[in-house]
Amino acid sequence: MAKVTLTEYECRKNLLPDVCMECGEPAGDRVRRKFSWYPPWTTALRYMCPPVGAIVRLTLLKFMDVRAPMCEDHKKHWLKIGLRALISFGILIIFELVCFGLISAFAHGEHEGEIIGLGCGVGVFAFIAWRIFLVVLRSRMIKPTEITLGNITLTNIHPDFVQALEEDRAADEEYHNRSKRKRSPSKNFRDRDDDRPPPKKKKNDSWHDDE
Ligand SMILES: [Zn+2]
């Protein structure tokens, strides 16, 4: 899988190719997803000093909306992962309650300490196993590795989506290079911050009449 950096303009104007981000097949749906991201180092700060870490994380937290192209099979990509995480948490709670119940029922007599120790050990092991399961689950999820004011970088993207996006960008750039429209030479239209429509969507709009 690959990473891809999308501009805020591409996300806002829905300029992403019709290629599923997960499998690279033709995408029939656009799934609106509000991604959030904060610098990873804030996690360490949160453990070292929770109040300060929480404030810093909230200060640096960034969001970006993406209408992600997805095929029929993968349009519930994030929903399925969320449900699996929720179900696994429910199973963990039930397991811990069963452990607690067994400890209460059998921790008597001369082996009381051993039974309590064994039950607590199994409970802790189950919690660690659940955390590992979450890490594995999230490792395959399409998620941001960075969000800035103008860009979002997503990981676990199918290479075919990245290739289609690069081809779209190259075609747009070629179209603009052929045109005689006046614009800043350092600005790609996909990086602009105005609301003028892209050329491929509306070939006869006023933007192109500027020539
Ligand atoms: Zn797909």
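The dialogue below moves from the overall plan to the sheet, the core, a helix pair and a single residue.

Modeller: Please keep in mind from the start that this is a predicted model.

Biologist: How many helices and strands does the protein chain have?

Modeller: There are six helices and five strands in the protein chain. Followed along the sequence, these elements give the pattern β-α-β-α-α-β-α-α-β-β-α.

Biologist: In which order do the strands of the open sheet lie?

Modeller: As a general idea, the strands of a sheet pair through backbone hydrogen bonds, and the pairing is either parallel or antiparallel. Here three strands form an open sheet in the order β1-β5-β4, with antiparallel pairing. Because β1 and β4 stand at the edges with a single partner strand each, one side of each has no neighbour in the sheet. On average, neighbouring strands are turned by 25 degrees against each other, direction ignored.

Biologist: How many bridges hold each pair of strands?

Modeller: Strand β1, residues 2–7, pairs with strand β5, residues 151–157, over five bridges. Strand β4, residues 143–147, is joined to β5 by four bridges. A hairpin of three residues leads from β4 to β5.

Biologist: Which residue of β5 is the bridge partner of valine 4?

Modeller: That partner is leucine 154. Leucine 154 is also the bridge partner of proline 144. Leaving aside residues up to four places away in sequence, leucine 154 touches Lys3, Val4, Leu6, Ile142, Lys143 and Pro144. Elsewhere in β5, threonine 153 stands opposite glutamate 146.

Biologist: Which helix packs on this sheet?

Modeller: Helix α6 does so, touching β1 and β5, and its direction makes about 35 degrees with that of β1.

Biologist: Which residues touch the most other members of the largest nonpolar core?

Modeller: The core has 19 residues, and those with the most contacts to other members are Val4, Cys20, Met21, Leu154, Ile157 and Phe161. At least two residues each come from β1, β3 (62–70), β5 and α6 (159–178). The largest share, four residues, is supplied by β3. Across the protein chain, 15% of the 211 residues count as buried.

Biologist: How should I read the packing of two helices, such as α4 and α5?

Modeller: One considers how near the axes come and at what angle they cross. The axes of α4 (residues 77–106) and α5 (residues 112–139) come within 9 Å and cross at roughly 175 degrees. An angle over 145 degrees counts as roughly antiparallel, and α4 and α5 are therefore roughly antiparallel to each other. Among the residues making the contact are Ile81, Leu92 and Phe95 of α4, and Ile115, Val122 and Trp130 of α5. By type, the contact residues divide into 17 nonpolar, three polar and two charged.

Biologist: Is threonine 5 buried, exposed or partly exposed?

Modeller: One counts the C-beta neighbours of the residue: 20 or more mean buried, and 12 or fewer mean exposed. Threonine 5 has 15 such neighbours inside 10 Å, and therefore counts as partly exposed. Threonine 5 lies in strand β1 and touches Asn151 and Thr153, not counting residues up to four places away in sequence.

Biologist: What can this residue show about sequence distance and spatial distance?

Modeller: Threonine 5 and threonine 145 are 140 residues apart along the chain, and their C-alpha atoms are separated by 9.6 Å. For the protein chain as a whole, among contacts between residues at least 6 apart in sequence, 72% join residues at least 24 apart.

Note on methods. Residues numbered from 1 in each chain as written. Predicted model: local features only at pLDDT ≥ 70, side-chain atom pairs only at ≥ 80, totals over all residues. Pairing = 2+ DSSP bridges. Contact = placed C-beta atoms within 7 Å. Core = buried A, V, L, I, M, F, W, Y, C linked by C-beta atoms within 7 Å. Axes fitted to C-alpha atoms, helices over the stretch in contact; angles between N-to-C directions. Parallel < 35°, antiparallel > 145°, perpendicular 65-115°, else oblique. Nonpolar A, V, L, I, M, F, W, Y, C, P; charged D, E, K, R; others polar.
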